[in-house]
Amino acid sequence: MNPAFQALLVIAVGVGGCVGYFYLSNLFLDKVLFPARGPQAGRNINRANAVRPWLFLFPALALLCLYLAYPVFATFWLSLHGKDGSFVGTGNYTAMFQEPKFGESLRNNMLWLVVVPAAATGFGLLAAQLTDRIKWGNIAKSLIFMPMAISFVGASVIFKLVYDSRDAAVAQIGLLNALWLKFEGGIWSVLFLRVLPAVLVGGLLLAVLWGGWLLLRPVLDARRQEKPLIKAARVLGGLVALVIAFELGVWLLGVFTNVLPYGRPQAWLQIPFWNSFFLMAVLIWIQTGFAMVILSAALRGVPEDTIEAAILDGANPFQIFFKVKVPQIMGTIVVVWTTITITVLKVFDIVLAMTNGQWETQVLANYMYDKLFRSLDWGMGSAAAMVIMALVTPILIWNVWNARKEMR
Amino acid sequence: MADLVLKDVEKAYGEVKVLKDINLDIKTGELIVFVGPSGCGKSTLLRMIAGLERITGGDFSIDGVRMNDVPPAQRGIAMVFQSYALYPHMTVRENMSFALRIAKKSQAEIDQAVDKAARVLQLTPYLDRLPKALSGGQRQRVAIGRSIVRDPKVYLFDEPLSNLDAALRVATRLEIAQLKEAMPNSTMVYVTHDQVEAMTLASRIVVLAGGGIAQVGTPLELYERPQNEFVAQFIGSPAMNLTPGEVVDTGAQTTVRLANGGIAVSAVPTQAADKGMAVNVGVRPEDLVETKGDRLFEAEVEFTEALGEVTLLHLKRTGDQPQVVAKLPGIRSELRRTQVRLTADPKKVHLFAGGKSLLYR
C-alpha cells in the first residue's frame with residue numbers, strides 16, 4: 001500500500017475513532033446506563049452529568065498514565081538494577097555520586113540553572129520594554145523571536161560555526177575568532193577586553209552587594225519585628241551574596257591581570273569553565289524570544305493610567321519601569337523564569353551537538369544519554385533520569401501554581 | 001495660591017485640530033467644571049493642563065509661569081483618574097506615599113502627611129490593605145488621598161465619580177464639595193459629563209463643544225442666560241424646547257409668532273429693525289404652565305412620564321415642528337390623550353437668532 005494512503009487511513013481511523021468514542025460512549029451513558037426516563041429520571045440525569053466529565057477525560061487520562069506515569073515507576077524500578085539486570089538497591093545512586101563526571105554534570109546544571117533563566121528573562125524583559133513604543137518595534141521583535149523557530153541542534157550548528165577556529169595563517173570562518181584576531185593589545189583592546197568587562201563585572205559586584213545589603217538591612221533595623229526563621233534566611237542570603245561578591249572580586253582582579261593570547265585563534269569550546277557559557281549563549285539566544293513575547297504582552301496589560309499617575313507623581317522612566325511596571329507583571333516574570341528553568345534542566349541537544357560533554361561541559365541529560373544509550377547501562381541511566389526528575393518536579397509544581405494564580 | 005491662565009490654547013493631532021481658541025482665566029480657589037458631550041475634548045484639555053498631552057499651540061501658565069514644556073510632576077498639580085489608577089501592588093499607605101518617596105521626603109514627613117490625609121478621608125483602618133481589598137468608593141478616596149498628600153496647588157479630577165453607583169456618587173460628590181470647602185486656597189479643575197455634578201460643585205462651568213468653549217459662567221448664569229442654543233439645550237434636563245418663529249413686535253418686550261401658530265412674549269428687548277427676523281424661541285420644560293389665554297403650544301399629549309414630584313408631557317408633533325416636552329408639578333398622568341394649552345412667563349422665554357442668544361448682542 002502507498003505510504004501516503006496509509007497515512008490517510010491512519011488519520012481517518014484515528015479521528016473517526018475519537019469522534020466515535022465520544023459520541024457512542026455519550027449515547028450509551030444517556031440511553032442505556034442512566035436513561036432520562038422512568039421513576040428515577042431526575043436521579044439518572046444527575047448521575048449521568050457526574051459521570052460525563054470522567055467519561056470524556058478517560059482517553060487522555062489513560063494515555064497519560066500509560067506514557068507518563070507508568071514510565072516514571074518503571075524507570076525508578078530500573079534504576080535499582082545493575083547492568084546485568086540483578087537487583088542492586090541504591091547501588092547505582094552511590095556509584096553515580098562517586099563518579100567525577102556526575103559531579104561535573106550537577107555543577108554545570110546548577111550554573112546553567114542560574115545563568116540561562118536570569119539572562120533570558122532579563123534580556124527578554126529589556127527587549128520587550130525597549131521595543132514597546134517604537135515604530136519598528138515589531139520588526140525588532142520578529143527578529144528576536146525568530147530563533148524560537150530553530151531547533152536546538154540547528155542553533156548549535158550555527159553557533160559551532162561562530163566559535164569555529166582555524167590556523168592563524170588562514171582566514172577565520174568563526175565570527176568570534178575573526179573578531180578576536182582584530183585585537184592586538186592597542187587602545188581598543190584595552191577598552192573592550194579590560195575596561196568593558198571590568199565595568200560589567202564591577203557593576204554585577206555592586207548589584208550583588210546592594211542586593212545583599214537590602215536583604216540584611218531589616219535584620220539590623222531594631223524596629224522591625226520578624227520571625228527568627230526569616231532573620232536566619234536573611235543572614236544566609238546576605239552571606240551567599242558576600243561569597244558571590246568575593247568571587248566576582250577575584251574575577252575583577254583577573255580581568256586586569258590576565259595575560260591575553262592576542263593574535264592566536266582560540267578553540268573557544270575547549271576552554272574549561274568558560275566553554276559552558278559559550279554553550280549557554282545558544283539557549284539564551286533561543287529563549288530570549290520566548291521571554292520577550294510573553295513579557296511584552298504582560299507589559300501591554302499594565303493599565304496605562306497607573307503609568308500616567310506615576311508620571312504625575314514625579315517618577316522618572318527607570319522608577320516607572322522598576323516600581324510600577326515590573327511589580328505589576330511579577331507573576332508573569334516568575335512564570336517565564338520557571339518555564340525557562342525547566343527547559344534548562346532538560347538541556348541536552350545543545351551539549352550533545354556542540355561538545356558532547358567533553359572539556360568539562362557535561363550536563364545531566366547528556367550524562368543520562370551517555371549511560372543509557374552509549375554504555376547501555378540501564379540502571380545508571382535510569383538513576384540519572386530520576387535525579388533530573390527530582391530536580392524538575394518542585395520547580396514544575398511551583399510553575400503550575402504560579403501560572404494558575406496568574407489566571408485567577 | 002494658583003491662578004491658571006490658558007491663552008489661545010489649541011490641540012492638534014496632525015492636521016486635525018480637536019481644540020482651538022481656548023481662552024480661560026481660572027482664579028485661585030475656584031472649582032472649575034468642564035462639561036460637554038463625549039468627544040468634545042474636555043478630558044484632553046484636562047490632560048493638557050496635567051502635562052500628559054502636549055499643548056500644540058498657545059500658552060498655558062500657572063501663577064504667571066509658562067507651563068507648556070514643564071514636566072507634569074513639576075507643575076504643582078495632582079490628578080484623580082476616572083479608573084482611580086491606584087498601584088495594585090502597593091498598600092493604601094504605599095500608594096499615598098509614593099510621590100513623597102520619589103521626592104525623597106523624610107520618613108517622619110511622609111508618615112505625617114499620609115496619616116493626616118487618611119484621617120480626613122476616613123481611610124485610617126485601611127492603610128495596610130491592597131487596593132483590591134477595597135470597595136469602589138474607598139478606592140476613589142485613596143486616589144483623592146494620593147493627591148492630597150502632595151499638597152498641590154491645583155487639583156485635577158477626570159470624571160472621578162463615573163465608576164461609582166448612584167448612591168455612592170451622591171455621597172462622594174458631597175465629600176468633594178466638603179474637601180473643596182476645607183481647602184479654600186486650592187484650585188480645582190473637574191471634568192464630567194454629568195450636569196448635576198457640574199451644577200452642584202462648580203463655582204464656574206466651562207461648556208465645551210465642537211472643539212471650543214461654548215460658554216463660561218456660574219451654574220445659574222448658564223441656566224438662566226445661556227449664550228447660545230447649544231448651552232441652552234445642554235444645561236437642564238429634559239433639554240430646552242426650541243421652536244422657530246418670526247418677530248412681529250419689538251421694544252422692551254418682544255412678541256414672536258411661532259410657526260405652529262402660537263404667540264410667544266419674551267422679556268428680551270429688541271429694536272424696531274429686528275421686526276420680521278427669524279428666531280428660535282427657547283422655553284425650558286419646567287417653565288411651561290397651563291393657560292386659558294394666549295398660548296405658546298397647543299397639542300395633544302402623546303405620552304406622559306410621571307416621576308412623582310413632576311410629570312413630563314410629550315406633546316404630539318405638529319407637522320415638521322420639533323418635539324415639545326413640558327414638565328408640570330405633581331402627578332398629571334390623566335392628561336394623556338387630552339388637549340393642553342401651554343404658555344410661559346416672558347422672563348423665562350429665550351430668543352436665539354442664528355444659534356446665538358439675542359441677550360448677548
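I began with one pair: Leu6(B) has Leu24(B) as its bridge partner in β2(B). I then looked at helix α1 (residues 42-50) of chain B, which packs on the sheet and touches β1, β2 and β4 (57-62) of chain B, its direction making about 65° with that of β2(B). Contact here requires C-beta atoms, placed from the backbone, within 7 Å; axes are lines fitted to C-alpha atoms, for helices over the stretch in contact, with angles from 0 to 180 degrees between N-to-C directions. Helices (H or I, at least four residues) and strands (E, at least two) are DSSP runs, numbered from the N terminus.

I noted that this is a predicted model, in which local features need pLDDT of at least 70 and side-chain atom pairs count only at pLDDT 80 or more, while totals for chains, interfaces and linings use all residues. Residues are numbered from 1 along each chain as its sequence is written, and chains are lettered from A and ligands numbered from 1 in the order in which they are written.

Strand β1 (residues 4-13) of chain B pairs with β2(B) in the antiparallel sense over seven bridges, where pairing asks for at least two DSSP bridges between two strands. I read the order of the open four-stranded sheet in chain B as β2-β1-β4-β5, with antiparallel pairing. β2 (16-26) and β5 (65-66) of chain B stand at the edges with a single partner strand each, so one side of each lacks a neighbour in the sheet.

Last, I checked the contact between chains, which takes 16 residues from chain B and 14 residues from chain A. On the side of chain B that touches chain A, α2(B) gives the most, with three residues.

Terms used. Two residues are in contact if their C-beta atoms, placed from the backbone, lie within 7 Å.
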